[in-house]
Amino acid sequence: MIHINPTENKVILSIQNLNVKFTLRGQVLSAIRGVSLDVHQGESIAIVGESGSGKSVFVKCAMGLLDANGYIESGSILYNGMDLATFKTDRDWLKIRGHEIAMVFQDPMTSLNPLKTIGQQIREAVELHQGLHGEAAYNAVLEVLTDVGISEPKRRYKQYPHEFSGGMRQRVVIAIALACRPKILICDEPTTALDVTIQAQILELIKAMQKKYNLTTIYITHDLGVVANVADRIAVMYAGDIVEIGTCDEVFYDPKHPYTWALLSSLPQLGVKNEPLYSIQGTPPNLFQEIKGDAFAPRNPKALTIDYLQRPPFFEITPTHKARTWLLDPRAPKVEPPEHVRALREKGVNRNG
């Protein structure tokens, strides 16, 4: 698979030193802890991590979709000359949501209105964001339905969500997002509710739509295997922080952070017959409490003493690949990754060699 080189494209979305907190029953939870990320125009980037790692909260900040008890404490979200972190009202966000940045959610049934036909729901986006009406709006709906692979669009236009399968409903949700003509498309676990065969179809569809509509795509997922063939870059999140980022090949075949090792080792595809699947021991840290050192240290069997004392900086491995782990410090002892990861690395060497 040939990926674009995102570093050659201009930055379309720049998130710098973002801190996001939630108040809950008098306590404060730190959901995002000083995260920075540049998204380049035309690239496909995946943000990967366990449930609760902060990946969905991270991208929702770019659309003003935080829950009422959540707030951006500090940092900036720069898009098209605007700092989205300063937006306070829905009126501000109307300039961004849909037409500039759109989102495909993981459960299509809760994203669609059961009382309106499919055609009506896509048409609302066409009229609002493309300014089309009458026959022009109708034809635009039929076109986007065809684009997302829905046959007989004139008949489907009049049907309701309950008349569609799960995979077809997800296609409709994608069609609504595309009808807004966004520059950035965020896909939040877009295949979680679908079976494996349909998952592959939906990912291929998003990939094709990215090319046709010249989109910048951000995937949110807990499964590294899902994005292996669609992402140019992968950012690995843990406990509200990006701990490793690199090109798809760098993260898969030369990962450096122990948490990335653990995620890769957990892939069912790497399981060995008659042996139990690998699982990450322990639980993520309590984000109501201050985290000292490397947040993954208590779950990392190869943690160093300093991991418990001081948060590691980012170490650069290549111009596109960096990881936040003390194992990359020149003074650190040499620690080999687990067997599954070493096998993947050998596969990458053989593939590229």
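The model is predicted. Helices α7 and α8 pack with axes that come within 11 Å, and the largest pocket holds about 510 Å³ of space. The second largest pocket holds about 350 Å³.

**Helices α7 and α8**

- Helix α7 spans residues 166–179 and helix α8 spans residues 196–213, and their axes cross at roughly 15°.
- Because angles under 35 degrees count as roughly parallel, α7 is roughly parallel to α8.
- The crossing of the two helices, α7 and α8, is right-handed.
- On the α7 side, the contact is made by Gly167, Gln170, Arg171, Ile174 and Leu178.
- Their partners in α8 are Ile198, Gln201, Ile202, Leu205, Ile206, Met209 and Tyr213.
- The contact of α7 with α8 comprises eight nonpolar residues, three polar ones and one charged one.

**Largest pocket**

- About 510 Å³ of space lies in this pocket, and 17 residues line it.
- Met103, Phe105, Ser111, Ile176 and Cys180 are the lining residues closest to the centre of the largest pocket.
- At least two lining residues come from each of β6 (101–104), α4 (118–130) and α7.
- With five residues, α4 gives the most to this lining.
- The lining of the largest pocket has eleven nonpolar, four polar and two charged residues.

**Second largest pocket**

- The second largest pocket, with about 350 Å³ of space, is lined by 20 residues.
- Closest to its centre are Leu37, Asp38, Arg233, Ile245 and Lys322.
- Strands β2 (27–40), β10 (241–247), β11 (315–318) and β12 (321–323) each supply at least two residues of its lining.
- The largest share, six residues, comes from β2.
- By class, the lining of the second largest pocket divides into six nonpolar, eight polar and six charged residues.

Conventions
Residues numbered from 1 in each chain as written. Predicted model: local features only at pLDDT ≥ 70, side-chain atom pairs only at ≥ 80, totals over all residues. Heavy atoms only, no water. Axes fitted to C-alpha atoms, helices over the stretch in contact; angles between N-to-C directions. Helix = DSSP H or I, 4+ residues; strand = E, 2+ residues; numbered from the N terminus. Parallel < 35°, antiparallel > 145°, perpendicular 65-115°, else oblique. Left-handed = near helix turned anticlockwise from the far one by under 90°. Contact = heavy atoms within 4.5 Å. Nonpolar A, V, L, I, M, F, W, Y, C, P; charged D, E, K, R; others polar. 1 Å grid on protein atoms, 1.4 Å probe; cavity = no way out; pocket = protein on both sides within 12 Å on 5 of 7 lines; lining within 4 Å. Points joined across faces, edges and corners; volume = space filled by probe spheres on them.
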